[in-house]
Amino acid sequence: MTELLIHSMSEFSNIIVDAMDIANVSRIAEIGAEFGGTSKVLADHAAIQDGHLYSVDPNPKQEFLDWVSDHNHVTHIPKLSLDAFADLKNIDLCVIDGDHNWYTVYNELLALDKISKRDDKPLFAIMHDVCWPSGYRDMYYNPDAIPEEYRHDYCMDSGTKPGHPGLLSDQGFRGLGQFAIALHEGGERNGVKCAVIDFLDKMETEGRELAYAEIPAVFGLGILFDTKADWAEVLGEYLVPLHANPLIAKLEQNRIANYLTVLDWQDGHIAH
């Protein structure tokens, strides 16, 4: 049942493709592949542009690996994201959908800024999971990979629901042993959106002029880009109707309520 629920970054494919067209993207870095749903969209665009997709994932699913083997314009980099940026050059866009926590995302953005400056490229990033549940709550696929001073106390089995800053036993959105969730929502250095905000604050102090748009659907899509890019004005105009759209946000609240109801029903159904 859960595979039928809308939850993937691939749901934004049309928007991502439009943004890539506007920005003349050809060389793409992808952080997090899993089954390769979004990878295929990015690879198709790269092929049309005679470009390349670099997909960074230390442990993707076999379906993705089988697919990569048939596509010469796609390179799989089997590393953690923060170890992979040294392998990336002349990247037009970085699509971030990997480990959803402050430490990882904040440092991914710092690394992207560094290589963008090195290669004289406008910074351009598209990020998933900037809204609930991981907007202001860390999640860890491998907690031991996060330095202790940046890692919140966590649980592998309890879940979260909107409006509950703590965790709930055997309810809500949870990792079921696949990933850990921070015990509390909010506070410093906690969550993907928090990482984006802190990065933007740092860039502002350094005189870096960046724009940020957020589409509040399917766990949230964030688009971060250099305002000095030749295409920045056109991309901004495209994103304005979608940014923080209250109707989209209301629909997302309804989707999440239905999503969690199905999860709860499924768990009860399996229990019986």
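Author: Start with burial: a residue counts as buried under 20% relative accessible area, exposed over 50%, and partly exposed in between. The model is a predicted one.

Reader: What makes Lys193 buried or exposed?

Author: Its relative accessibility is 15%. The cut-off for buried is under 20%, so Lys193 counts as buried.

Reader: How do you know that Glu214 forms a salt bridge with Lys193?

Author: The rule asks for a side-chain nitrogen of Lys or Arg within 4 Å of a carboxyl oxygen of Asp or Glu. For Glu214 and Lys193 the closest N and O atoms are 3.0 Å apart, so the pair passes. Glu214 sits in strand E11 and Lys193 in helix H6, 21 residues apart, and the pair links distant parts of the chain. Glu214, at 12% relative accessibility, is buried.

Reader: What makes Asp226 and Arg208 a salt bridge?

Author: Their side chains come to 2.9 Å, N to O, and the limit is 4 Å, so the contact qualifies. Both residues, Asp226 and Arg208, are buried. The whole structure has 11 salt bridges.

Reader: How do you know that E7 pairs with strand E10?

Author: Pairing needs at least two bridges between the strands. E7 and E10 are joined by 2 bridges and run antiparallel, so they pair. Tyr154 stands opposite Ala182 in E10.

Reader: Why are E6 and E7 said to stand at the edges?

Author: The open sheet has the order E6-E10-E7. E6 and E7 each have a single partner strand, so one side of each is left without a neighbour in the sheet.

Reader: What classes of residue make up the lining of the largest cavity?

Author: The lining has 4 nonpolar, 3 polar and 3 charged residues. Among the lining residues are Ile96, Gly98 and Asp99. Gly counts as polar, Ile as nonpolar and Asp as charged. The space in this cavity is about 40 Å³.

Note on methods
Residues are numbered from 1 along each chain as its sequence is written. This is a predicted model: local features need pLDDT of at least 70, side-chain atom pairs count only at pLDDT 80 or more; totals for chains, interfaces and linings use all residues. Side-chain values use heavy atoms; hydrogens and water are left out. Helices (H or I, at least four residues) and strands (E, at least two) are DSSP runs, numbered from the N terminus. On a 1 Å grid over the protein atoms alone, a cavity is a set of points where a 1.4 Å probe fits but cannot get out, and a pocket is an open set with protein on both sides within 12 Å along at least five of seven lines; lining residues have an atom within 4 Å of a point. Grid points are joined across faces, edges and corners, and a volume is the space filled by probe spheres set on the points. Buried means under 20% relative accessible area, exposed over 50%, partly exposed in between (1.4 Å probe, protein chains only).
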